[in-house]
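Here is a short briefing on one protein model. Please look over the sequence and the structure first.

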Amino acid sequence: MSWQKFLLVPRLARTGLGRAPAPPAAWEAYWRDVAATGPDGDVLWDGAGEAELAWWQVAAGQYLDASLPVVDVGCGNGRLSRLLAHHFPAVVGLDLSPAAIERARRESEGVPGVSFRTLDVTAEGAGRALAAELGPANVVVRGVFHVLGRHDRERAAAELADVVGARGTLVVLETNWQGDLLAYLEHLGGRRGRLPTALARLIDHRVPKPSAFGPEELAETFPPSGWTSVSSGPVDIAPVRGLGIASGRTIPGFHAVLRTAGHEERGGVIPNADERT
């Protein structure tokens, strides 16, 4: 990264004046301002192409019990929920923002087996309530823990343990950028003090800043005393395409497949992508 990243400081300073909104309010304002989704849309992380979607299908096929429902935490506009709905008895997408849930429902019309609701998974009792309704379930999380503080990460993990129970599996895919925020913005197209639209929208709505989520954060959030790590490692995340000079770049990511310490092996998994007919 170059010294030019510092030209972004005045841009960030102008936006940062005044008191930042609480995360629920910031995310709601952000999603209400979304005009278009998909690889050419407004939502930075909604650019998942064939490579990442294929990764999700293989991960689901290899690790998730196909007889259980799936809970998609931080579902946004429901892209991952819709993908998984073809392979599981039910998929329930959750998001903090009612506007995101409204959009997910619109974009998912006609897709059977998928539903959406507003829920904060860091809220006490959220996991118990879901478990009472759904029974044990698989859980997928794409891009939530890296925008939570440590306390909220641990709170979310505790609630999701109730959802996963003794039969489900948790799959997490998170941004794992190890540099500073200015370098991150430059990597994604910030140049000469200006930001691509998809980035500018996040900055202007003052949503929580991203942080790294890798092996160290995984161990803090999901300690071995309560969780077993089945698989983990780096994964590239594809952002949307409209990033100017940064179009085509990927974001370093980290995945983990986790089960509770008392996990019971039973049920089936869906076939891997190359085994389907």
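How many salt bridges does a search of the whole structure find? The search finds 13. The model is predicted, and the protein chain has an average pLDDT of 89. The points below cover confidence, helix packing, salt bridges and one glycine.

**Confidence**
- At least 70 is the pLDDT score of 88% of the residues.
- Residues 267–277 stay under 50 in pLDDT. For this stretch, the model has 25 contacts beyond four places in sequence.

**Packing of H2 and H5**
- Helix H2 covers residues 23–32, and helix H5 covers residues 98–107. Their axes are 7 Å apart, at an angle of about 35°.
- H2 brings Glu28, Trp31 and Arg32 to the contact. H5 brings Pro98, Ala99, Ala100, Glu102 and Arg103.
- By class, the contact of H2 with H5 has four nonpolar residues, four charged and no polar.
- A network of salt bridges links Glu28, Arg32 and Glu102. H2 supplies Glu28 and Arg32 to the helix contact, and H5 supplies Glu102.

**Packing of H6 and H7**
- Helix H6 (residues 126–134) packs on helix H7 (residues 150–164). The angle is about 10°, and the axes are 7 Å apart.
- Angles under 35 degrees count as roughly parallel, so H6 and H7 are roughly parallel to each other.
- On the H6 side, the contact uses Ala126, Gly127, Arg128, Leu130 and Ala131. On the H7 side, it uses Glu159, Asp162 and Val163.
- The residues of the contact of H6 with H7 divide into four nonpolar, one polar and three charged.

- Arg155 and Glu159 form a salt bridge, with the closest N and O atoms 2.4 Å apart.
- Both residues lie in helix H7. They are four residues apart, about one turn of the helix.
- Arg155 is partly exposed, at 27% relative accessibility. Glu159 is buried, at 2%.
- Glu159 also meets H6 in the helix contact.

- Side chains of opposite charge can pair when their charged atoms come close.
- Arg201 and Asp33 meet through their side chains in a salt bridge of 3.8 Å, N to O. Arg201 lies in helix H9 (residues 197–205) and Asp33 in the loop between H2 and helix H3 (50–63), so the pair ties together parts 168 residues apart in sequence.
- Is Arg201 buried or exposed? Arg201 counts as buried, because its relative accessibility is 8% and the cut-off for buried is under 20%.
- Asp33 is partly exposed, with a relative accessible area of 42%.
- Glu133 and Arg117 meet in a salt bridge of 2.8 Å, N to O. This pair links distant parts of the chain, 16 residues apart. Glu133 is in helix H6, and Arg117 is in strand S3 (residues 114–118).
- Glu133 counts as partly exposed at 47% relative accessibility. Arg117 also counts as partly exposed, at 26%.

**Gly41**
- Gly41 sits in the loop between H2 and H3. Asp33 lies in the loop between these helices too.
- Gly41 is buried, with a relative accessible area of 11%.
- What does Gly41 touch, not counting residues up to four places away in sequence? Gly41 touches Ala36 and Val240.
- Gly41 and Val240 are 199 residues apart along the chain, yet their C-alpha atoms are separated by 6.7 Å.

Notes
Residues are numbered from 1 along each chain as its sequence is written. This is a predicted model: local features need pLDDT of at least 70, side-chain atom pairs count only at pLDDT 80 or more; totals for chains, interfaces and linings use all residues. Side-chain values use heavy atoms; hydrogens and water are left out. Axes are lines fitted to C-alpha atoms, for helices over the stretch in contact, and angles run from 0 to 180 degrees between N-to-C directions. Helices (H or I, at least four residues) and strands (E, at least two) are DSSP runs, numbered from the N terminus. Contact means heavy atoms within 4.5 Å. Ala, Val, Leu, Ile, Met, Phe, Trp, Tyr, Cys and Pro count as nonpolar, Asp, Glu, Lys and Arg as charged, and the others, Gly among them, as polar. Angles under 35 degrees count as roughly parallel, over 145 as roughly antiparallel, 65 to 115 as roughly perpendicular and the rest as oblique. pLDDT is the predictor's confidence in each residue, from 0 to 100. A salt bridge is a side-chain nitrogen of Lys or Arg within 4 Å of a carboxyl oxygen of Asp or Glu. Buried means under 20% relative accessible area, exposed over 50%, partly exposed in between (1.4 Å probe, protein chains only).
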